[in-house]
Amino acid sequence: MKESKKDSNAGNGGDKEILYSKTIKAGKRIYYLDVKKSSKDDLFIAITESKRVQGKGNSDVSFEKHKIFLYKEDFDRFANVLKQVMDYADEYQSNHAKASKSADKSGITDDSLSIAIDDFDPDSEGKPSD
């Protein structure tokens, strides 16, 4: 993760001052997390996802960018909910992996859990025949 501190973005034609910046490289994606100060001295975080996109010709390379602006009054709520969502994802993945290993050990697969229509007697009210 790359870290940088910048004094001002005014030289680049921007009206927002970047106070602090972190960069995360993740395959074809790069995430930029910038703490900025608006022209009214309000702090906010700009989260930018930049994704490298290869055009039809191999020489055509462009970047798709998506931005989220998070304002100071929402920092705590956003961080709290983000942690909850991340914890849920971790727990779900952990439980899903355990269930998958358990099914593998027992030899049970989704394909083996089928019942033929011939196994039911229409007079038994939906109960399998003996």
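## Ground rules

Buried here means under 20% relative accessible area, exposed means over 50%, and partly exposed lies in between (1.4 Å probe, protein chains only). By that scale phenylalanine 44 is buried, with a relative accessible area of 3%.

This is a predicted model, in which local features need pLDDT of at least 70 and side-chain atom pairs count only at pLDDT 80 or more, while totals for chains, interfaces and linings use all residues. Residues are numbered from 1 along each chain as its sequence is written, and side-chain values use heavy atoms, with hydrogens and water left out.

## Aromatic pairs

Let's start with the rings. A pair of aromatic rings is described by the distance of the centres and the angle of the planes. Rings of Phe, Tyr and Trp (its six-membered ring) pair if their centres lie within 6.5 Å; planes under 30 degrees apart count as stacked, over 60 as edge-to-face and the rest as tilted.

The structure holds 3 aromatic pairs. Phenylalanine 69 counts as partly exposed, at 40% relative accessibility. The tyrosine 88 and tyrosine 92 pair is stacked, because the ring centres are 6.1 Å apart and the planes are at 25°. These two tyrosines sit 4 residues apart in helix 1, about one helical turn, and both are exposed.

Phe44, Phe69 and Tyr71 form one aromatic cluster.

## Threonine 48

Strand 4 also holds threonine 48. Strands (E, at least two residues) and helices (H or I, at least four) are DSSP runs, numbered from the N terminus. Threonine 48 is buried, at 6% relative accessible area. Leaving aside neighbours within four places in sequence, threonine 48 is in contact (heavy atoms within 4.5 Å) with Ile30, Tyr31, Tyr32, His66 and Lys67.

## The largest pocket

Helix 1 gives the most, with 5 residues, and strand 4 (43-54) and helix 1 (75-106) each supply at least two. By class, the lining has 9 nonpolar, no polar and no charged residues.

How values were computed. Ala, Val, Leu, Ile, Met, Phe, Trp, Tyr, Cys and Pro count as nonpolar, Asp, Glu, Lys and Arg as charged, and the others, Gly among them, as polar.
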